[in-house]
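Let's take a look at how the two parts of this protein chain meet. Have the sequence and the structure open as you read along.

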Number of protein chains: 4
Amino acid sequence: MRTPQRFALIGCGFIGQVHAANLAAHPGVTLAQVCDIDMSRAEAVAQQYAARAASVEQVLKSDAIDAVLIASATPTHAALLEQAVQAGKAVYCEKPIDLSLQRARDVVETISPLQVPVTVGFNRRFDHSHQQLKAQLKQGVIGQTELIQMVCRASELPPLSYLQASGGQMRDQAIHFFDLLRWLTEDEVNTVGALGAALAMPEIRDFDVDTSVLIMRLQQGALAQLDNTRRTAYGYDERISVMGSAGMLASESQAVRGATLYQGAGITQPGLYSDWFSRVKETYYTHLDAFVRHLGGEQVEGLPGLIDGLRAQAIADAAQLSLTRGEFVEVEWVKI
Amino acid sequence: MRTPQRFALIGCGFIGQVHAANLAAHPGVTLAQVCDIDMSRAEAVAQQYAARAASVEQVLKSDAIDAVLIASATPTHAALLEQAVQAGKAVYCEKPIDLSLQRARDVVETISPLQVPVTVGFNRRFDHSHQQLKAQLKQGVIGQTELIQMVCRASELPPLSYLQASGGQMRDQAIHFFDLLRWLTEDEVNTVGALGAALAMPEIRDFDVDTSVLIMRLQQGALAQLDNTRRTAYGYDERISVMGSAGMLASESQAVRGATLYQGAGITQPGLYSDWFSRVKETYYTHLDAFVRHLGGEQVEGLPGLIDGLRAQAIADAAQLSLTRGEFVEVEWVKI
Amino acid sequence: MRTPQRFALIGCGFIGQVHAANLAAHPGVTLAQVCDIDMSRAEAVAQQYAARAASVEQVLKSDAIDAVLIASATPTHAALLEQAVQAGKAVYCEKPIDLSLQRARDVVETISPLQVPVTVGFNRRFDHSHQQLKAQLKQGVIGQTELIQMVCRASELPPLSYLQASGGQMRDQAIHFFDLLRWLTEDEVNTVGALGAALAMPEIRDFDVDTSVLIMRLQQGALAQLDNTRRTAYGYDERISVMGSAGMLASESQAVRGATLYQGAGITQPGLYSDWFSRVKETYYTHLDAFVRHLGGEQVEGLPGLIDGLRAQAIADAAQLSLTRGEFVEVEWVKI
Amino acid sequence: MRTPQRFALIGCGFIGQVHAANLAAHPGVTLAQVCDIDMSRAEAVAQQYAARAASVEQVLKSDAIDAVLIASATPTHAALLEQAVQAGKAVYCEKPIDLSLQRARDVVETISPLQVPVTVGFNRRFDHSHQQLKAQLKQGVIGQTELIQMVCRASELPPLSYLQASGGQMRDQAIHFFDLLRWLTEDEVNTVGALGAALAMPEIRDFDVDTSVLIMRLQQGALAQLDNTRRTAYGYDERISVMGSAGMLASESQAVRGATLYQGAGITQPGLYSDWFSRVKETYYTHLDAFVRHLGGEQVEGLPGLIDGLRAQAIADAAQLSLTRGEFVEVEWVKI
């Protein structure tokens, strides 16, 4: 058995605590140090998992830390990522690298030559159904990819404050699907057209949308669709289908398990997961596991890296521009 | 194109009229004559389909009739079948041949040597899904048959008068599934055990049951189950599954087509067919069509004949005995 | 019972013959006369249904004709529609009125004042599942409509000659869904953006696409998506879902009935309908029936009329323009 | 937060180790001591969870143990249960209490007066779907219960040695469903009829069956069915449906999550769970949790107790007798 990777966790908010539990549970990891801008929160989490609370400076200087998981507030990602890599720590960085694509590019340019292992938090790649879809796609089961359809519908409206800091639906929510699209097709998005509206939360209409529909053309010729909503009245709905010249593969909406009622003229089964986290929860662990195996020298496919971070963001920026300008926009991925 | 078969229909009740419409619509059939004990009803049906009302005697003597479809009341089946065959007419006879197995045997013994084409009304064999199941079973897709599960649940209670004349749930309702079981497995039922109760209609408890569960052992070793109800509160439920050594084939409950509602914590789709007739309606036509093709000299598989009629009835009689006596009963099919 | 409507059928191609069978089968209709540019074909169809072959001139002059069903070649629709209405005949006109929206507008302008009953062949409105979706939508079951998703995927490539005369995927195939969108939402499309490609049939790339994705913004704020393909490798796939503020209604892909195989690590059920006609066949009859009831004085909802024909076409024209120009296009429906 | 319950685990075989992991993971439990007839195995498990290896005698005498989980070989259950209760330890005892119903009764008679909390290992009650079914049943959603259908099909044949010591399919496998039937209906089984065969493993035919079908009549009038197999070729299949006077509730076969392939004339989705443990795994934890909450003073519904253990066994004995004798058998539950 390999020596466990000694991790420090930076950021103990909701997602930080999810990561803390996963780091503590993973047999190949030691959760050694925990940071948070709120030191008492860092202490509490550290204590729960028998780790030590520390400052970021301590973490980056420590010889007892191999890797850093950055789950702090978005505006801090870029600097922390840069410092951690420069300190020689492997990094699992929550997306996005930065809300500014230019800033993200600069960081990546700086740290890429250092060849330190980095993964960016596109955990949805590790969804079990999506993985199966990808595996069959890669085997050529459905021939040449022609048409991709993606649905990303969150069930509950986030608070206004969250939306104000999120960078917008494209950069905050849709970005996961821009990444999934690139990962599944192993192709790049050339053109994007988007229409959006603030239907569920009209008060955000001056700076964001909560409902949007997008169409995209990929480099190798396939076409793609995506719709996003911030609120459904029927649970969390995430689906992907890929149509090819020889069939269709679908990773369909997932309903919770439960009893079905046959009554009168209807059949009622349990609905979709009530919230996004119930659906994607396990992917945080499987992503972490893939990264840890990578650190251990294993050949791991599909681990999202720095370039993936930049390119998904480039699509999000183009989509945002399309929403704003009301025209199709070319994605500047070739510059990355 | 072949000369159409000239049919006479005997009996214009509900099922008789279903047959009338099918006979009129079939391109290989001429509906020439129509009989009913109520002459005015015969006239009305005859007029609707440009046929002639006639007496049974006229039909049997007529040179212009090739085949007879017997859809009159059950107690008349045996004599009509006998007379029609003796008159050289091909016969499509609604099940059962007679409520008395002994009487049915006698008729079959008399007419079998005459080698006139006869089919008995086990139309459910012609259900599209059951046919597909049978085809795959025969190809050996699931290996050796081990376990059969059948569900036969009618949605609406028939009137008391119907039940009083029906011969009981085993002979009236379950008999279709005894036939399906024999047809699917190409095997015979040796032993049957049944438990029943009058749960939906307690007033029939002295002479019949409306809910029953059965288990059976087949000659070649497979085991089977069947449940029957006279009333569900969720539509007509007919299903068959066959488990073999290499997999399971299922002809599942059929829901009507329609819109699905995703709302709150549930997903509601349209329910099962509201009544048995909506589900099995098409099988009357496909059964007729198979018989007409047989009359035209085509090799037709699975057309239920006289022996099928007797053997399904022998199982029904054994099941009835099991219900009454509270013990397992051996089926006397070997005598047939 | 009402006096049957005496119909003349103009055009005996594939769809014409579908209409002939429906006209003959409908109890409220007499199929009296049949026209075709190929007189021998007209005679054959007339004979099959005990009608009379006639020229268009004879039909339009005949006092024995109440209504005309136009199922001839697209370029003849406009003139025939105009003449038939001017002759006082009610008209069921296959879509489109004309491939030129301007020409279609002119005809409608001419004949609208005459107040003769006309329906345009948007038969998919009469799909049983779509009807159920619409009924629940209208009852407000899912609140305010926010997001519509439509899929229109034909299974088999039409011949090149068909595609050359079709007016393009937008005007030939997608137009049905532009109509469905207007009918379901009772709203108008303002903006459309489309991307397309000739992936299945590269030889059409200079004048048409076979795969396309569209996004639309509706007048009252909802957003919509549509994808179209001319060829799948998994059957005919038509689906619509409408998400509202209180839930989602879906008229989902329809699979044929049949046996399901459980084997190893998979469950295989029968696939989607093999071709579009198997799925939509019944809607030709239900549309005709609705029109006949309308002619009989009944209040019929959702019968597609002349304005519906124009407006769906206006969306198709805008979508075509978007495909060609690579920009979002405003639909000129306000001019209609 | 309550003081954790200090548990000793007796037996470290496959299921014992499942319990060990659950005991270690449960926040309300301390796994303090571990026993096994193989002391080195006890040591290994103890070390893994920071517990202490101990002999049964030490456990029973220890003041530091509140509760005992008995997961040793079946023949040891009765004596250990008796001793543990007499030592004042709460007990979670794997089923069955003893293969001999008489011996089990004697134990229960001895220990019942001591009023020590005991639960018997009918963990399937804690399946999430079955729980939902039960909850709706109890609310009266489907009216009066009339017909229960249960399927219990394991996917892989156990080794011959296991089957020889198992007590037979009724006592080893079906017993879980006898318990589920009693729990769901809150009723007792009066009569049972069973047919069985050794189809998958003919070499056991002299002492056991691997495929069986059962019918039962319940005290309050409902009828029930159950089929059992030791080997399918399509995964682990566990299902329950309850039909009542006002509808049907079903806890259906569970398929694993994954991508669906639409291709040609078929749609293939992932199959059922490959093995029983994948499906029921979580119920070991939820059962333990319910027991721990009960120990903590919480009102917990449906915890299977000693009488439940005896009564399920009485049905299994009756079913075994029915198999052997070929007749219906009355269950002697009234004596319990």
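This is a predicted model: local features need pLDDT of at least 70, side-chain atom pairs count only at pLDDT 80 or more; totals for chains, interfaces and linings use all residues.

On the side of domain 1 of chain A, Lys95(A), Leu99(A) and Leu101(A) supply 45% of the area buried against domain 2 of chain A, more than any other three residues.

## Where the domains lie

The domain assignment places domain 1 of chain A at 5–116, while domain 2 of chain A is made up of 124–279 + 305–335. Taken over C-alpha atoms, the centres of the two domains are 27 Å apart. Contact between them involves 16 residues of domain 1 of chain A and 18 residues of domain 2 of chain A.

## Polar and charged links

How many salt bridges does the rule find across this interface? There is 1 between domain 1 of chain A and domain 2 of chain A. The side chains of Lys95(A) and Asp172(A) form a salt bridge, with 4.0 Å from N to O.

## The face of domain 1

Which elements give two or more residues to the side of domain 1 of chain A that touches domain 2 of chain A? They are helix 1 (14–25) and helix 5 (101–111) of chain A. Helix 5 of chain A gives the most, with 5 residues. By residue type, this side of domain 1 of chain A has 11 nonpolar, 2 polar and 3 charged residues.

How values were computed. Residues are numbered from 1 along each chain as its sequence is written. Chains are lettered from A and ligands numbered from 1 in the order in which they are written. Side-chain values use heavy atoms; hydrogens and water are left out. Domain bounds come from an automatic or database domain assignment. Contact means heavy atoms within 4.5 Å. Buried area is the accessible area (1.4 Å probe) that two parts lose on being put together, summed over both. Helices (H or I, at least four residues) and strands (E, at least two) are DSSP runs, numbered from the N terminus. Ala, Val, Leu, Ile, Met, Phe, Trp, Tyr, Cys and Pro count as nonpolar, Asp, Glu, Lys and Arg as charged, and the others, Gly among them, as polar.
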